[in-house]
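Welcome! Here is a short tour of the structure shown below. Keep it in view as you read through the topics.

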Amino acid sequence: MSTEKDAPRTDDSEPIDSSIDTAELPTEEDTQESEQAQAFNPETGEINWDCPCLGGMAHGTCGGEFKAAFSCFVYSEEEPKGMDCVEVFKAMQECFRAHPEEYADELDEEEEEEETDGETDEETGGDTDEGASSDVDVSDN
């Protein structure tokens with residue numbers, strides 16, 4: 001026998017619990033933030049270099065450069081955060097470029113970001129080869 005207090009049913013299965021607020025369910029963004037939080041523990045101030053969220057970057061050929069850049073950013077007190085880390089990030093990128101067989105994905109992401117930010121034209125002096133770096137040619141990849 002059904003009463004007014006029974007939750008609505010979609011079929012003969014269990015009643016739907018209408019008291020669940022879907023706004024409280026974790027989102028994909030929440031999950032990503034929690035994964036990132038696992039790499040750095042603010043309570044201890046330690047970085048977990050084995051965290052899967054770092055994708056093994058701390059242990060590759062450029063692991064030292066990655067650790068320096070990541071640590072600098074995590075501990076940075078500059079505004080905007082990480083502005084004091086530009087040189088160590090450049091060193092990491094140079095290492096990635098020196099080992100394209102291992103870091104092709106990171107180099108591809110870097111190129112995409114530069115194209116969307118419009119930094120490519122500024123950094124290379126436009127579409128000509130005059131302002132481009134002689135050791136890296138990413139224009140025709």
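A residue is called buried when its relative accessible area is under 20%, exposed when over 50%, and partly exposed in between, using a 1.4 Å probe and protein chains only. This is a predicted model, in which local features need pLDDT of at least 70 and side-chain atom pairs count only at pLDDT 80 or more, while totals for chains, interfaces and linings use all residues. Residues are numbered from 1 along each chain as its sequence is written, and side-chain values use heavy atoms, with hydrogens and water left out. Helices (H or I, at least four residues) and strands (E, at least two) are DSSP runs, numbered from the N terminus.

**Helix 3**

- On one side of helix 3, Glu87, Glu94 and Ala98 are exposed.
- Met92, Cys95 and Phe96, in contrast, are the buried residues to look for in helix 3. Viewed down the axis of helix 3, its buried residues fall within an arc of 105°, so they line one face of the helix. The arc is that of the directions from the helix axis to the C-beta atoms.
- The partners of these buried residues are helix 2 (63–75) and helix 4 (100–117), against which they pack. Contact here means heavy atoms within 4.5 Å.

- The structure holds 1 salt bridge, a term for a side-chain nitrogen of Lys or Arg within 4 Å of a carboxyl oxygen of Asp or Glu.
- Its partners are Lys90 and Glu87, whose side chains meet at 4.0 Å, N to O.
- Lys90 and Glu87 are 3 residues apart in helix 3, which separates them by about one helical turn. An α-helix has 3.6 residues a turn, so residues three or four places apart point the same way.
- Lys90 is partly exposed, with a relative accessible area of 41%, whereas Glu87 is exposed at 57%.

**Helix 2**

- Gly63, Phe66, Ala69, Ser71, Cys72 and Val74 are buried in helix 2.
- The buried residues of helix 2 pack against strand 1 (40–41), strand 2, helix 3 and helix 4.

**Disulfides**

- How many disulfides are there? The count comes to 3, taking a disulfide as a pair of cysteine sulfur atoms within 2.5 Å.
- Cys51 pairs with Cys53, with 2.3 Å between their sulfur atoms. The torsion about this S-S bond is about 125°, so the disulfide of Cys51 and Cys53 is right-handed. Cys51 is buried at 3% relative accessibility, while Cys53 is partly exposed at 30%.
- Cys62 is joined to Cys95 by a disulfide of 1.9 Å, S to S. Cys62 lies in the loop between strand 2 (46–47) and helix 2, and Cys95 lies in helix 3, so the pair ties together parts that are 33 residues apart in sequence. The torsion of about -90° makes this disulfide of Cys62 and Cys95 left-handed, and both cysteines are buried.
- Cys72 and Cys85 form a disulfide with sulfur atoms 2.1 Å apart. Cys72 belongs to helix 2 and Cys85 to the loop between helix 2 and helix 3, so this pair ties together parts 13 residues apart in sequence. The link of Cys72 and Cys85 is left-handed, with -90° about the S-S bond, and both residues are buried.
- With the bonded cysteines of the protein numbered in sequence order, the pairing reads 1-2, 3-6, 4-5.

- Helix 4 spans only 22 Å between its end C-alpha atoms, whereas a straight helix of 18 residues would span 26 Å at 1.5 Å a residue.
- Helix 4 bends by about 40° at Glu106; the bend at a residue is the angle between axes fitted to the seven residues ending there and the seven starting there.
- The buried residues in helix 4 are Tyr103, Leu107, Glu110, Glu111 and Glu114.
- Tyr103 has 3% relative accessibility. Leaving aside neighbours within four places in sequence, Tyr103 is in contact with Met57, Gly60, Thr61, Cys62, Gly63 and Phe96.
- Tyr103 and Thr61 are 42 residues apart in sequence, and their C-alpha atoms are 9.3 Å apart in space.

Definitions and conventions. The expected span of a helix is 1.5 Å times one less than its number of residues.
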